[in-house]
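Please find below my notes on the model under review. They are set out as numbered points, from the overall fold to individual residues.

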Amino acid sequence: MTTSHISEFTGFVPETRFGTWFLGTETWYVYVLQRALNDLELLMQPRPASVQAVLDIGFGHGKALLELGRRLRPQRLVGIDADPRSRPRAQAELQSHGIIAELVITNAASIDWPDESFDVVFCHQTLHHIIAQEAALVEFFRVLKPGGVLLLAESTRCFIHSLPVRLLFRHPMHLQKTAEQYIALVRQAGFDVPAEKISFPYLWWSRPDIGLMEWLGFEIPSRREETLVNLVATKPG
């Protein structure tokens with residue numbers, strides 16, 4: 001990855017045309033986004049009794065905002081994204097489903113909201129695009145209310161460095177991390193992340209063989225480098 005691909009203003013690596021298209025497909029919606037949210041909902045148990053404000057990091061096509069609105073039913077739904085082209089796409093998606101959300105173009109490493117503004121911060125497959133990952137997590141922590149939760153779902157270095165991903169998508173390759181490194185980064189920002197609030201889904205599309213060996217009847221290896229990590233982190237109350 002050359003520095004010419006990095007947006008100096010927003011501090012993220014813009015996606016390829018293919019990647020931008022793919023993030024709006026039904027395949028992404030069902031097999032990536034919904035699968036991650038289903039897992040995170042289980043990890044979040046018991047769920048908060050009331051969710052007033054939710055922040056989606058990297059709203060893209062707006063599909064995560066749709067799901068967050070339906071599942072959490074917050075009084076206020078906010079999405080931020082560093083790419084100005086995302087806003088018209090997301091607005092059209094949200095309007096077609098009657099979902100109201102505030103869409104703001106800004107840098108995740110410098111969020112323009114007061115301290116303790118949100119009950120939930122959702123960051124799905126976005127952190128690995130951000131250059132200042134540590135600063136972004138500090139911001140997530142800052143804007144959460146005490147007792148608020150960060151729902152994080154990330155692809156790890158093993159997956160991002162795989163040949164199909166390198167050919168079709170674009171990332172800051174030198175900043176990609178293992179599952180353990182992402183967990184350590186979240187804890188370093190001040191979050192509580194108990195082991196029971198972490199999962200490592202080894203989904204077929206994230207594997208080097210794209211699930212072929214399991215389809216042929218072989219068992220999923222128990223000793224492996226994880227390709228995905230989902231976690232629910234809490235800001236201490």
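1. The chain has nine helices and seven strands; helices (H or I, at least four residues) and strands (E, at least two) are DSSP runs, numbered from the N terminus. The model is a predicted one, in which local features need pLDDT of at least 70 and side-chain atom pairs count only at pLDDT 80 or more, while totals for chains, interfaces and linings use all residues. Residues are numbered from 1 along each chain as its sequence is written, and side-chain values use heavy atoms, with hydrogens and water left out.

2. For 237 residues, a compact globule would have a radius of gyration near 18 Å, and the 17 Å of the chain agrees with this. The radius is taken over C-alpha atoms, and the globule rule is 2.2 Å times the number of residues to the power 0.38. The C-alpha trace spans about 50 × 40 × 35 Å along its principal axes.

3. Of the 237 residues, 55% count as buried (buried means under 20% relative accessible area, exposed over 50%, partly exposed in between, with a 1.4 Å probe and protein chains only). The chain exposes about 11600 Å², of which carbon and sulfur atoms supply 56%; accessible areas come from the Shrake-Rupley method with a 1.4 Å probe, and for residues only the protein chains shown count as cover. Among contacts (heavy atoms within 4.5 Å) between residues at least 6 apart in sequence, 76% join residues at least 24 apart.

4. Which residues form the nonpolar patch on the surface? They are Phe18, Trp21, Leu163, Leu167 and Leu168, with about 530 Å² of accessible area together. The elements giving two or more residues to this patch are helix H1 (17-22) and helix H7 (163-168), and H7 gives the most, with three residues. Patches are made of residues with over 30% relative accessible area and no salt bridge, like charges being joined within 9 Å and nonpolar side chains (Val, Leu, Ile, Met, Phe, Trp, Tyr) within 5 Å. A salt bridge is a side-chain nitrogen of Lys or Arg within 4 Å of a carboxyl oxygen of Asp or Glu. Leu163, in helix H7, is partly exposed at a relative accessible area of 48%.

5. The structure holds ten aromatic pairs. Rings of Phe, Tyr and Trp (its six-membered ring) pair if their centres lie within 6.5 Å; planes under 30 degrees apart count as stacked, over 60 as edge-to-face and the rest as tilted. The rings of Phe18 and Phe22 are stacked, because their centres are 6.1 Å apart and their planes are at 5 degrees. Both residues lie in helix H1, four residues apart, about one turn of the helix.

6. Phe18 is partly exposed, at 33% relative accessibility. The rings of Phe18 and Phe169 have centres 5.5 Å apart and planes at 70 degrees, so this pair is edge-to-face. The pair links distant parts of the chain, 151 residues apart: Phe18 is in helix H1, whereas Phe169 is in the loop between H7 and helix H8 (179-188). Phe18, Trp21, Phe22, Trp28 and Phe169 form one aromatic cluster.

7. Val120, in strand S4 (residues 118-124), is buried at 1% relative accessibility. Leaving aside neighbours within four places in sequence, Val120 has contacts that include Val51, Leu72, Leu144 and Leu151.

8. His129 lies in the loop between S4 and helix H5 (133-143) and is buried at 12% relative accessibility. Not counting residues up to four places away in sequence, His129 touches Gly11, Phe12, Val13, Glu15, Arg170, His171 and Pro172.
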